[in-house]
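This report describes one protein chain, shown below. The account goes from terms to the whole chain and then to single residues.

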Amino acid sequence: MANRRDTTPGLRRFYEQGARFNLAYAPMAITATTHATIFTGLYPITHGVIDNGIPIPEQYLTLAEMFCEHGY
């Protein structure tokens with residue numbers, strides 16, 4: 001039986017107003033590589049994170065760092 005209380009209004013709004021994609025691609029089938037690509041906007045051949053355990057090189061600015069620089 002479903003919960004009748006609205007316990008996650010933010011998640012519900014996100015679901016209702018968000019976009020849904022039927023098909024998505026990852027740059028590689030490795031978690032760290034995909035995360036590095038999401039965080040930098042760069043392809044694996046550029047950022048060099050081609051396996052788990054390899055950090056994003058400091059020369060590349062991440063989305064989180066950009067947000068931080070702008071007060072978020």
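Helices (H or I, at least four residues) and strands (E, at least two) are taken as DSSP runs and numbered from the N terminus. Residue numbers start from 1 along each chain as its sequence is written. The model is predicted, with local features needing pLDDT of at least 70, side-chain atom pairs counting only at pLDDT 80 or more, and totals for chains, interfaces and linings using all residues; side-chain values use heavy atoms, with hydrogens and water left out.

**Whole chain**

The protein chain has four helices and zero strands. Along the sequence the pattern is α-α-α-α. The radius of gyration of the protein chain is 17 Å, well over the 11 Å that the globule rule gives for 72 residues, so the chain is more spread out than a compact globule. This radius is taken over C-alpha atoms, and the globule rule is 2.2 Å times the number of residues to the power 0.38. The C-alpha trace spans about 50 × 35 × 20 Å along its principal axes.

Of the 72 residues, 15% count as buried. A contact means heavy atoms within 4.5 Å. Among contacts between residues at least 6 apart in sequence, 2% join residues at least 24 apart.

**Salt bridges**

A salt bridge is a side-chain nitrogen of Lys or Arg within 4 Å of a carboxyl oxygen of Asp or Glu. The count by this rule is two, and the table gives both pairs.

| Pair | Closest N and O atoms |
|---|---|
| R12 and D6 | 2.8 Å |
| R12 and E16 | 3.5 Å |

R12 and E16 are four residues apart in helix α1 (residues 9-17), and therefore separated by about one helical turn. Salt bridges that share partners join D6, R12 and E16 into one network. R12 is partly exposed, with a relative accessible area of 34%, and D6 is partly exposed at 46%. E16 is exposed, at 51%.

In helix α2 (residues 31-40), the residues A32, T33, T34, A36, T37 and T40 are buried. The buried residues of α2 pack against α3. G41 follows α2 and has a positive phi, near 80°.

The loop between α3 (44-47) and α4 (63-69) contains T62. Is T62 buried or exposed? T62 counts as buried, because its relative accessibility is 13%. Apart from neighbours within four places in sequence, T62 is in contact with F39, T40 and I56.

D51 also lies in the loop between α3 and α4. D51 is partly exposed, with a relative accessible area of 41%. Not counting residues up to four places away in sequence, D51 touches I30, A32 and T33. D51 and T37 are 14 residues apart in sequence and 12 Å apart in space, C-alpha to C-alpha.

**Nonpolar patch**

L61, L63, M66, F67 and Y72 make a nonpolar surface patch of about 530 Å². Patches are made of residues with over 30% relative accessible area and no salt bridge, with like charges joined within 9 Å and nonpolar side chains (Val, Leu, Ile, Met, Phe, Trp, Tyr) within 5 Å. Accessible areas come from the Shrake-Rupley method with a 1.4 Å probe, and for residues only the protein chains shown count as cover. L61 is placed in the loop between α3 and α4, and is partly exposed at 37%.

How values were computed:
Buried < 20%, exposed > 50% of the residue type's maximum accessible area, 1.4 Å probe, protein only.
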